[in-house]
Every structure is written in C-alpha cells, then in structure tokens.
Amino acid sequence: MPINQQQKKHFQAIGHHLKPIVIIAKNGLSEGVISELERALNDHELIKIKLAVATPEDRKQLTEEITQAVACEIVQNVGKTALIYKKATKPNRKLSNILRYQDTL
C-alpha cells in the first residue's frame, strides 16, 4: 500500500534527524547490500541511505533499483541521501524509528 502525502511529511520529519545506515558506492547493489537493506528496514522501518555515486542520473537509477530489489518506497530523495520506508511485519518498539518517534509524543 503506497504511503499518502500526510504520511510522507510525517516520515520526512522523523527522517530529518536520522543518520545514514547504509552507504552505496560505485559498485552498486550487491547481495550483501540488499540483505543489509532488508535487515535494516525490517528493524527500523524508516532508514536513511547515502548514495555515493557521481551523477544525479546514476542516483535516480540506483534508487529505482533499490525500490525494486527491496520492495520499499522512497519517501524523500535529496542530493546524495535517500529516505526509504518499508512496513515491518512485526515492528519492534525499541528499534522502529516510527514507533520510537510516536512514543516521544
């Protein structure tokens, strides 16, 4: 189910304070990177990744590959940083960035 505009703004507010968990360089998506993305999304639901590739076209192509490989949604893409979201099957209150943020409200 795609996220709506209100959720997207909420996730952007949460993601503003996050640090990149995964850095993807010129070698692109390998099996190790994909498994780490899946693990991080399963734990945190909302993560920030750094795309250390040169051109904006390469970054756009890489984000499209990520969404297909991991079945996630791009919340925000600014410069060399992307914020991605995937709903966890069993979110953990201590690890999920979304649930932790809601607990502080």
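Trainee: In which sense do β2 and β4 pair, and over how many bridges?

Mentor: In this predicted model, strand β2 and strand β4 (residues 81-85) pair in the antiparallel sense, over five bridges. Within that pairing, I47 has I84 of β4 as its bridge partner.

Trainee: And which way does β1 run against β2, parallel or antiparallel?

Mentor: Strand β1 (residues 20-24) and β2 run parallel, and four bridges join them. I24 stands opposite L51 of β2.

Trainee: How many residues of β2 are buried, then?

Mentor: Five of the six residues in β2 (residues 46-51) are buried, so the strand is largely enclosed by the rest of the structure.

Trainee: Changing topic to α3: what length does it reach, and what would be expected?

Mentor: Helix α3 (residues 56-70) has 15 residues and reaches 21 Å from its first C-alpha to its last, close to the 21 Å expected at 1.5 Å a residue.

Trainee: Which of its residues are buried?

Mentor: R59, L62, T63, I66 and V70 are buried in α3. They cover an arc of only 100 degrees around the axis, which puts them on the same side of α3.

Trainee: Why would residues three or four places apart point the same way?

Mentor: An α-helix has 3.6 residues a turn, so residues at that spacing point the same way.

Trainee: What is exposed on the other side of α3?

Mentor: E57, K60 and Q68 are exposed there.

Trainee: And what do the buried residues of α3 pack against?

Mentor: They pack against β1, α2, β2, β3 (73-78) and β4.

Trainee: What follows α3?

Mentor: A71 follows α3, and its phi is positive, near 60 degrees.

Trainee: Stepping back, what pattern does the chain follow?

Mentor: The chain has four helices and four strands, and along the sequence they follow the pattern α-β-α-β-α-β-β-α.

Trainee: What about the radius of gyration of the chain?

Mentor: It is 13 Å, which agrees with the value near 13 Å for a compact globule of 105 residues. The C-alpha trace spans about 40 × 25 × 25 Å along its principal axes.

Trainee: How much of the chain counts as buried?

Mentor: Of its 105 residues, 35% count as buried. As for contacts, among those between residues at least 6 apart in sequence, 67% join residues at least 24 apart.

Technical notes: Residues numbered from 1 in each chain as written. Predicted model: local features only at pLDDT ≥ 70, side-chain atom pairs only at ≥ 80, totals over all residues. Heavy atoms only, no water. Buried < 20%, exposed > 50% of the residue type's maximum accessible area, 1.4 Å probe, protein only. Helix = DSSP H or I, 4+ residues; strand = E, 2+ residues; numbered from the N terminus. Pairing = 2+ DSSP bridges. Expected span 1.5 Å × (residues − 1). Arc of directions from axis to C-beta. Contact = heavy atoms within 4.5 Å. Rg over C-alpha atoms; globule rule 2.2 N^0.38 Å.
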